[in-house]
Every structure is written in C-alpha cells, then in structure tokens.
Amino acid sequence: MAHQPYRFPQARIPERGSGVFRLTVRNAMARHDSEMKEECLREDLKFYFMSPCEKYRARCQIPWKLGLQILKIVMVTTQLVRFGLSNQLVVAFKEDNTVAFKHLFLKGYSGTDEDDYSCSVYTQEDAYESIFFAINQYHQLKDITLGTLGYGENEDNRIGLKVCKQHYKKGTMFPSNETLNIDNDIELDCVHLDLQDLSKDPPDWKNSSFFRLEFYRLLQVEISFHLKGIDLQTIHSRELPDCYVFQNTIIFDNKAHSGKIKIYFDSDATIEECKDLNIFGSTQKNTQYVLVFDAFVIVICLASLILCTRSIVLALRLRKRFLNFFLEKYKRPVCDTDQWKFINGWYVLVIISDLMTIIGSILKMEIKAKNLTNYDLCSILLGTSTLLVWVGVIRYLGYFQAYNVLILTMQASLPKVLRFCACAGMIYLGYTFCGWIVLGPYHDKFENLNTVAECLFSLVNGDDMFATFAQIQQKSILVWLFSRLYLYSFISLFIYMILSLFIALITDSYDTIKKFQQNGFPETDLQEFLKECSSKEEYQKESSAFLSCICCRRRKRSDDHLIPIN
C-alpha cells in the first residue's frame, strides 16, 4: 500500500452570507469606526488647542473675531476717557462748592481744615458769633454768593434753616469743689427758621430761649439746610448741565467739654434731574452723537459676549466627548488638570467684562440723558470692565514664549503665594492689634485699626520710616521703649524674612518655568493622547488628503457642534 503524504488542514474561509462572515465584517467595521472616532476626536482637540495664528493657517479665514476684540478695546477705552473727562467736571464742581460753603458759613475759616474738622472756637462769645454768623449768611445768600445757588427744601419740605441742639437733661457742676450732679439722658431740641423769621427786624429769634446755651450741659449744636445749584461749566464741553442739591450740615461739637468746640462742615451733593432744560446750539446734537456711540459699544460687547459664551459651550461639549472616550478606552477618568484646560479663563474674563460694559454703558446713556445721576456705580462698572479688557490683552502675548513667562509664573506661584500670605497675615494682624491698643494714644498713625494697617503696610514697603519713629510722643518712657521694640521687630521680621521668602517663592516658580521651557513641560494624559499622532508642525505638513479634512478649508456648519471657535 502506497504511503499517502500528510496534508495540513487549510484555514476555512467563511462563506459569504454565513453568520461567521457577517460577525467578522461587523467587528472590522466597528474597529474601523472606533479608529475613525478616535482620529476625529484627536483632530478636534488639536484644532481647539491651536493658537489663533495656527488656526488661521489651518482654516485660511480672516480672524474677524480677534478683530472684534481689538475694536472693542479701542471703543471701550474711548468711552471710558470721555466719561472720565465728564466725571472730572462733576467732582471739581462738588469740591469747589464745598470750599465756597466753608468760606461763606464758617466765621474765621482760614481756608485749611484743622485736622479732621474745619475750625474751632474757645469762648462762649465766639461760639454765639459763629452760630449767628452762619444763620445770617444763609439769609443773605443770594446777595453775597458768586455761584448759581438757590434755597432748597429740607426733609420736611420746608425752605429754611433747621437748628438742633443736644444737651444733658439736667445737672449741676462745681469744678472747684469737685462736685458733679448730672442726668446723662440726652435731650434733643430743634427749631425751624424760615426766610420770614430771618427777615424780621429786629431779629427776635436771637433773643429766644432756644439760643440760651448752657455750655456745661451742651453736647452739640447742628445747623442743617439745603441749597440748589446748576453746573453751567458742562455747557462749554457741549454737555447738558446737571442740577445739584447740596445737603449742608454745620456741627458745633462740645462732647469733650475740654474748652474747645470743634466745628465740622459736611456737604453732601446729589444730582437730580433738571425739570426744564431749554438749551439752544450744538449741545443737543453732541448728546445724540454720544448716545449713538454708547449704543454701538453695547452692540459690540453683546456680540463679543455671545461669541465667547458659544465658545465655552462648544468647549464643554468637546470636553464631554473626550471624557467619555477616555473612560471607554482606558477605563479611568481624566485628571482634574486636563479637565480644567477646557475651561478657558480668558473667555470668562471677557464675558464678565462685556457684562459690566453693557450695564455701565446703559447707565452712562441714562446719565447723559439726565434720567439717572448715579455716577459712582457707572464709574465702578466702566472702570473695572476697562481694566479687565486690557488685562485680557495678555492672552495674545501669551502665545509667544518670550511673553508667556509672566502668565505661567503667576499660575504656578499663585497657590503657594496664597498659602504663604495666609500665614503671614496672622502675624500682620497681631502687630496691627498690638500697635493700635498700645501706641494709639501716643501716635497719630495708630489711632484706629484702619490707619494702623495702612501704616504697617507702608513700613513693609520702606515708606515713611523715619517719620513713624520720630512722631511717637515721649510722655511715657515705657511706651517709648515699647514702640522701638515694636517697630524694629516688625520691620526686621517682615522686610528681611517674610518679604524675602515671598520673593523667593515667585523666583522659584520662575526658575521652574524656565527649566520647563527649555526641557519640556510634564506631559498629562491629554498631551500624551495628542502626542500619539504627529505634532502641530507635522500636522500642518501632512498629505493633502489629511489637510483636506481639517486644514485650509471652511468647516461645514454641521461640524460647529464639534469644534469650539476662538
């Protein structure tokens, strides 16, 4: 029997139409779809993390969104400058009127305030003369003032002066016998003097019992009145004038009973809507042009707000895609650092700035039309928004390695600096409380907590050191010695140790960033995922088939839900 050679079994190819064949094809298609999905995600991520210049080269489209931000910077700054010049007129008018009122109503005012009060009197005769002088000046205001002033109604809707005095209920005092008998309940008596009362001849109001002051019981005398004025200097700037109400208060303070009555003058100016303005010329047209400009600023900021919000929404969608893919493929979540990279802080900054600019511009338009008078709120909104706009310019400089050091150093050192400041702040607060309670009676800069904190902060920066040492009163040797120990220890501790450590933290972060720029930054999961394909430079030089997918072409509208647009 002839020997038959052994034949190896051949692989059986599934017949077309069989279940095994369909399963093999389905697995191949699923594997192909998964690879295509991964490649598409990688391309979208690379496109998202490109700089504007790289995106411009990839899409061959003019970066009109960047142009919108540049236009917004120019317009917001122009708007702020115009509003600042207008606000200067308001501040100057208020300050000039306050100085004029002090000269008009304070007898013997020298033009310079004495400490925190305007002037002072030391005799009963001078006190009476100062009170009667203010009342007479109010009566003769229209004949003596140089300004456009008129009488205004007070809280009781009455025109005139309101004079109030505070004094202890009753008491007797004999300092020579060291005897005091007093009821410390405070009584308040007020009298209203209208223009008819002030016009009487002879002025019988001076002889009323109200003005017979018992100075040993007297705490203070307060004279309050309202005046109205119109700021005409705005017309020279082709703006509508403002109408003001000045709430003036003169206080004769005798609470210390030290033989010195301090006289305080306070003027609170509020802007009200003028009831009837008839101004002819170019002022009305100029106001309309400014309102149109402000409206255009609102439109620009609204467009910027919508685009940045859209970019954040698209970035969150891309982040969700990446998180789901990473969890599905690698069976673990993405680290927090990579997740936060999808939240562009510059977009959040722009959105906040746009919101503040829109609200501030609306208030500015209402102020310009004399429907609102809240200059302070408008100034805060426009000033802060302009600050954020100019800070946002750093974003574009950050794409260059030479200018990116500041941003990276701030990001790296901020957590360390905050923790360090929290510890140093405890020591700073300790010195603040100690200086206030010990040196407060002997040094002007330590009279209250706010002043102490400001003084110590100046010392940390090396400012006004000799004056702080020299102004300490030497009435108590013990306190004088304590002040030297206190100041020397604070300056030595904060300047030579704490401030040096603070600078060392920032320097260490700066050195770390410089090394990373030379040797490469530590790679995260996101960077390793993007590194699996070619780098950005190779990505822009690949075959035309690959470029046709993502480079030098406009993406379809249907793809906008995939790619966040800067």
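Guide: Buried means under 20% relative accessible area, exposed over 50%, and partly exposed in between (1.4 Å probe, protein chains only). This is a predicted model: local features need pLDDT of at least 70, side-chain atom pairs count only at pLDDT 80 or more, and totals for chains, interfaces and linings use all residues. Residues are numbered from 1 along each chain as its sequence is written, and side-chain values use heavy atoms, with hydrogens and water left out.

Visitor: What makes Cys 190 partly exposed?
Guide: Its relative accessible area is 40%.

Visitor: Why is Cys 164 called buried?
Guide: Cys 164 has 10%. That is under 20%, so Cys 164 is buried. Cys 301 is at 0% and is buried too. Cys 378 also has 0% and counts as buried.

Visitor: What makes the link of Cys 164 and Cys 190 a disulfide?
Guide: The S to S distance is 2.1 Å. A disulfide needs two cysteine sulfur atoms within 2.5 Å, so the pair qualifies. The structure holds one disulfide. Cys 164 lies in strand E3 (160-174) and Cys 190 in strand E4 (179-194), so the pair ties together parts 26 residues apart in sequence. Strands are DSSP runs of at least two residues, helices (H or I) of at least four. The link is right-handed, with 110° about the S-S bond.

Visitor: Why does Asp 115 count as exposed?
Guide: Asp 115 has 71% relative accessibility. That is over 50%, so Asp 115 is exposed. Asp 115 sits in the loop between helix H3 (64-105) and strand E1 (119-121).
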